[in-house]
Amino acid sequence: RWCSIGREGAVILSQRIPPGLKRLQLGFRGCGIDSQGIRALAERLPRDLEQLHLGLRGCPIGSEGARAVAMRLPKLLVDLHLELRDCRLCAAGVRAIAEQLPRDLRLLQLELSGCGAMTNKDVGALMCKLPPTL
């Protein structure tokens, strides 16, 4: 573990995200943020956000946390980078993200290594959901 802000730190940080942001980059590599912590952050993502980079490598957000992020992805996003390596995701979490990708997205980076429950079929389903702008 790199730091220990965990759920409580994520909740505190979420309360300080300015609502008018256009670009947001948060790196929490190994910080112990769980599904409830990432849900708190996701709920506070600004609606007008155009660029989002969430580095969650090694955080145990699981598919529940991935779904929480997916459901709150701002519709104006054109640049999305989700680092979900070793986050205990399964196919359901990746599917949730794929189904909620903003339609005007122009750049997408998904880091999913360490998601051992993913199959080729799951990756194919993700590819079918990519917006036409990519």
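Which residues does S35 touch, not counting residues up to four places away in sequence? In this predicted model, local features need pLDDT of at least 70, side-chain atom pairs count only at pLDDT 80 or more, and totals for chains, interfaces and linings use all residues. Residues are numbered from 1 along each chain as its sequence is written, and side-chain values use heavy atoms, with hydrogens and water left out. S35 touches P60, I61, E64 and G65, contact meaning heavy atoms within 4.5 Å. S35 is buried, at 13% relative accessible area (buried is under 20%, exposed over 50%, partly exposed in between, with a 1.4 Å probe and protein chains only).

S35 sits in helix α2 (helices are DSSP runs of H or I with at least four residues, strands are E runs of at least two, numbered from the N terminus). The axes of α1 (residues 6-14) and α2 (residues 35-43) come within 8 Å and cross at roughly 5°; axes are lines fitted to C-alpha atoms, for helices over the stretch in contact, with angles from 0 to 180 degrees between N-to-C directions. The two helices are therefore roughly parallel (under 35 degrees; over 145 is roughly antiparallel, 65 to 115 roughly perpendicular, the rest oblique). On the α1 side, R7, A10, V11, L13 and S14 make the contact, and α2 brings Q36, G37, A40 and L41.

Neighbours within four places aside, L84 contacts L56, I61, L89, I97, E111, L112 and C115.
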